[in-house]
Amino acid sequence: MSVNGVGILAAIIVGGLAGWLAEKFMGSSMGLIMNIILGIIGAVVLNFVLAAFGMAYAGWVAYLIIGFIGACLLIAAGRVVKR
């Protein structure tokens, strides 16, 4: 079973790294579990959006980049909703 071309364990590790990077970049304060969730959900959602436009990427590096961008977007959306 794989998530966006990487295995489940790799998705958790890379998603956690992407979420942590997004947390530091966006200046927010969240825990490890939330970083993993943001990284994985951000990668899956953004990969789905990119696939709708005919762009699809697979692999660890692409998952990290897409997860980072997706997690940043989720943090920004959370800030907008919070206000």
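Tutor: Let's begin with a term: a residue is buried when its relative accessible area is under 20%, exposed when it is over 50%, and partly exposed in between, using a 1.4 Å probe and protein chains only. This is a predicted model, in which local features need pLDDT of at least 70 and side-chain atom pairs count only at pLDDT 80 or more, while totals for chains, interfaces and linings use all residues. Residues are numbered from 1 along each chain as its sequence is written, and side-chain values use heavy atoms, leaving out hydrogens and water.

Helix α2 covers residues 32–52. With 21 residues, α2 reaches 30 Å from its first C-alpha to its last, close to the expected 30 Å (1.5 Å times one less than its number of residues).

Now for its buried residues: Asn35, Ile36, Leu38, Gly39, Gly42, Ala43, Leu46, Asn47 and Leu50. Seen down the axis of α2, these fall within an arc of 165 degrees, so they line one face of the helix; the arc is taken from the directions from the helix axis to the C-beta atoms. On the other side of α2, Ile33, Phe48 and Ala52 are exposed. The cover over the buried residues of α2 includes α1 and α3.

Leaving aside neighbours within four places in sequence, Asn35 is in contact with Gly15, Gly16, Gly19, Trp20, Glu23 and Met30, contact meaning heavy atoms within 4.5 Å.

Further along, Ala43, Leu46 and Leu50 belong to the largest nonpolar core, which has 7 residues and also includes Ala11, Val14, Tyr63 and Ile66. Such a core is a set of buried Ala, Val, Leu, Ile, Met, Phe, Trp, Tyr and Cys residues joined through side-chain atoms within 4.5 Å. Helices α1 (8–26), α2 and α3 (60–82) each supply at least two of its residues, and the largest share, 3 residues, comes from α2. Ile66, again leaving aside neighbours within four places in sequence, is in contact with Gly42, Ala43, Leu46, Asn47, Leu50 and Tyr57. A second, separate core of 6 residues includes Ala22, Leu38, Ala71 and Cys72.

Just after α2, Gly54 takes a positive phi of about 90 degrees.

Technical notes. Helices (H or I, at least four residues) and strands (E, at least two) are DSSP runs, numbered from the N terminus.
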